[in-house]
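Reader: I have a sequence and a model on my screen. Show me how to read them, one feature at a time.

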Amino acid sequence: ATAMAATRKEALRLYRDILRTARNFPWEQPETGRPWRDVLSESARKEFEQCRHMDDPSEAMKQILVGRHCLEETAKKFEETRQQILRNQGKTKSKSKKT
């Protein structure tokens, strides 16, 4: 029971981190026009609901580790994309100042 309590706590921490990260996504899905933050939050909710009744602590921890890795990779790619957009905006502004 103690192992599952610790696992649940870690799962909740991951879920909150996912929601916090999703809020940073300002873009919309091209196909639907829905904000990515909503899509990501809903997807996370569905996945966590599907795993809610998992009773094997080691399997639950594997899922949490995979989720944490995916979140870190997503946050890294998000930051890279954001930096690229900022660099491109800077180039555009400096070109318009020259003309």
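Reader: Which side chain does E49 meet in a salt bridge at 3.0 Å, N to O?

Author: Remember first that this is a predicted model. To read a salt bridge, look for a side-chain nitrogen of Lys or Arg within 4 Å of a carboxyl oxygen of Asp or Glu. Here the side chain of E49 meets that of R52, with 3.0 Å from N to O. R52 is partly exposed, at a relative accessible area of 49%. E49 is partly exposed too, at 32%.

Reader: Which residues do salt bridges with shared partners join into one network?

Author: They are E10, R13, D17, R20 and R68.

Reader: Back to E49. What salt bridge do R45 and E49 make, and at what distance?

Author: Their side chains meet at 3.5 Å, N to O. R45 is partly exposed, with 48% relative accessible area.

Reader: Where do R45 and E49 sit relative to one another in the helix?

Author: Count along the helix. Both belong to α2, residues 36-50. They are 4 residues apart, so about one helical turn separates them.

Reader: What about R34 and E42: how far is N from O?

Author: The distance is 2.6 Å, and the pair is a salt bridge between side chains. Check the accessibility of each partner. R34 has a relative accessible area of 31% and is partly exposed. E42, at 39%, is also partly exposed.

Reader: How many salt bridges does the count give?

Author: The count comes to 9 salt bridges.

Reader: Now helix packing. How close do the axes of α1 and α2 come, and at what angle do they cross?

Author: Read the distance and the angle together. The two axes come within 8 Å and cross at roughly 165°. Angles over 145 degrees count as roughly antiparallel. Therefore α1 and α2 are roughly antiparallel to each other.

Reader: Is the crossing of α1 and α2 left-handed or right-handed?

Author: It is right-handed.

Reader: Which residues of α1 and α2 meet?

Author: List each side in turn. From α1 come A11, L14, Y15, I18, L19 and A22. From α2 come R37, L40, S41, A44, R45 and F48.

Reader: Take T21. Where is it placed, and is it buried or exposed?

Author: T21 is in helix α1, residues 2-22. Buried means under 20% relative accessible area. T21 has 16%, so it counts as buried.

Reader: Which backbone oxygen does the side chain of T21 reach?

Author: That of D17, at 2.9 Å. D17 is also one of the residues in the salt-bridge network.

Reader: Which residues does T21 touch, leaving out those up to four places away in sequence?

Author: T21 touches L71 and A75.

Reader: What does Q29 touch, beyond residues up to four places away in sequence?

Author: Its contacts are R34, W36 and V39. R34 is the residue whose side chain forms a salt bridge with E42.

Reader: Last topic, sequence distance against spatial distance. How far apart are E10 and L65?

Author: Compare two numbers for each pair. E10 and L65 are 55 residues apart in sequence and 9.7 Å apart in space, C-alpha to C-alpha. E10 lies in helix α1. Set aside residues up to four places away in sequence, and E10 touches M61, I64 and R68.

Definitions and conventions: Residues are numbered from 1 along each chain as its sequence is written. This is a predicted model: local features need pLDDT of at least 70, side-chain atom pairs count only at pLDDT 80 or more; totals for chains, interfaces and linings use all residues. Side-chain values use heavy atoms; hydrogens and water are left out. Buried means under 20% relative accessible area, exposed over 50%, partly exposed in between (1.4 Å probe, protein chains only). Helices (H or I, at least four residues) and strands (E, at least two) are DSSP runs, numbered from the N terminus. A polar contact is a pair of N or O atoms within 3.5 Å; within protein, one must be able to donate a hydrogen and the other to accept it, and residues adjacent in sequence count only if both atoms are side-chain atoms. Contact means heavy atoms within 4.5 Å. Axes are lines fitted to C-alpha atoms, for helices over the stretch in contact, and angles run from 0 to 180 degrees between N-to-C directions. Angles under 35 degrees count as roughly parallel, over 145 as roughly antiparallel, 65 to 115 as roughly perpendicular and the rest as oblique. A crossing is left-handed if the near helix is turned anticlockwise from the far one by less than a right angle, and right-handed if clockwise.
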